[in-house]
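This briefing is intended for a reader who has the sequence and coordinates at hand.

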Number of protein chains: 2
Amino acid sequence: MKATVRIMLKKGVLDPQGKAIGGALHGLGFEGVGEVRQGKVIELDVPDGTEEGRIRDMCEKLLANPVIEDYKVELEP
Amino acid sequence: MKATVRIMLKKGVLDPQGKAIGGALHGLGFEGVGEVRQGKVIELDVPDGTEEGRIRDMCEKLLANPVIEDYKVELEP
C-alpha cells in the first residue's frame, strides 16, 4: 500500500522559499496571488496493513522536524 | 481560496533524495519500506473563483519542470 506524508512549515515559521515563489509569480504577471508556502511530500511503499502510527513514528524520527514542521499522513489501500 | 499543487518527479526519473530517505528508514529499523519518492507541495492563496487552468499555467511557467515532473492541482473553496 502507499502512504503519503505531507510536511509543511508550521504557521508562523518564516518560509523564504514560498516568499520567493510568490515574488516570481508576481514578476510573471500572476497578480492576486497572496501567501505562498512550500512544503514536502513523501510517498512511501509500505507493507499492507501498516498502521498510521508507524508512519507517524517515521515522521517524528526522520521525515519531519516536529519543532518547526507539521505533517499529515494519508494511507491509500 | 486555497490552491494546492503537488509536484512529483515522473515515474522513471531517478529520485536520489527518495532513495536516501528509504536508506535512512531502513537504517533506523523501519523494515519493509519499499520505494520512497519525494516531491514538493506548494500552497497558494489565490483570489476566489480562480480557475484550475490559471494554476496549471503557473505550474507550466514556474512551479514545475514539465519535462521531468508531474503536477496535480487541487482547489479548495
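A salt bridge is taken here as a side-chain nitrogen of Lys or Arg within 4 Å of a carboxyl oxygen of Asp or Glu. The model is predicted. Under that criterion, the side chains of Lys2(A) and Glu43(A) form a salt bridge, with an N to O distance of 3.9 Å. Over all chains, the search returns 12 salt bridges, whereas it returns zero disulfides.

**Salt bridges**

- The pair formed by Lys2(A) and Glu43(A) links distant parts of the chain: Lys2(A) belongs to strand S1 (residues 2-9) of chain A and Glu43(A) to strand S2 (residues 36-45) of chain A, 41 residues apart.
- Lys2(A) is partly exposed at 28% relative accessibility, while Glu43(A) is buried at 16%.
- A salt bridge of 2.9 Å, N to O, is formed by the side chains of Arg6(A) and Glu43(B). Arg6(A) lies in strand S1 of chain A and Glu43(B) in strand S2 of chain B, so this pair joins two chains.
- Both partners are buried: Arg6(A) has a relative accessible area of 14% and Glu43(B) one of 15%.
- Within chain B, the side chains of Glu35(B) and Arg37(B) meet in a salt bridge at 3.3 Å, N to O. Glu35(B) is partly exposed at 45% relative accessible area, and Arg37(B) is buried at 14%.
- Lys2(A), Glu43(A) and Arg6(B) are joined into one network by salt bridges that share partners.

**Helix H2 of chain B**

- Helix H2 (residues 52-63) of chain B has 12 residues, yet its end C-alpha atoms are only 14 Å apart, short of the 16 Å that a straight helix would reach at 1.5 Å a residue.
- Ile55(B), Met58(B), Cys59(B) and Leu63(B) are buried in H2(B). They lie on the same side of H2(B), because they cover an arc of only 105° around the axis.
- The buried residues of H2(B) pack against helix H1 (16-27) of chain A, as well as strands S1 (2-9), S2 (36-45) and S3 (69-76) of chain B.
- Cys59(B) has a relative accessible area of 0%, and Cys59(A) is likewise buried at 0%.

**Symmetry and interface**

- Chain B is superposed on chain A by a rotation of 180° with 0.0 Å of shift along its axis, at an RMSD of 0.0 Å. This is the relation of a two-fold axis.
- In chain B, the C-alpha of Lys40(B) is nearest the axis, at 2.3 Å.
- The copies meet through the same surface, because 100% of the interface residues of chain B are also interface residues in chain A.

Definitions and conventions. Residues are numbered from 1 along each chain as its sequence is written. Chains are lettered from A and ligands numbered from 1 in the order in which they are written. This is a predicted model: local features need pLDDT of at least 70, side-chain atom pairs count only at pLDDT 80 or more; totals for chains, interfaces and linings use all residues. Side-chain values use heavy atoms; hydrogens and water are left out. A disulfide is a pair of cysteine sulfur atoms within 2.5 Å. Buried means under 20% relative accessible area, exposed over 50%, partly exposed in between (1.4 Å probe, protein chains only). Copies are superposed by least squares on the C-alpha atoms of residues with pLDDT of at least 70 in both. Contact means heavy atoms within 4.5 Å. Helices (H or I, at least four residues) and strands (E, at least two) are DSSP runs, numbered from the N terminus. The expected span of a helix is 1.5 Å times one less than its number of residues. The arc is that of the directions from the helix axis to the C-beta atoms.
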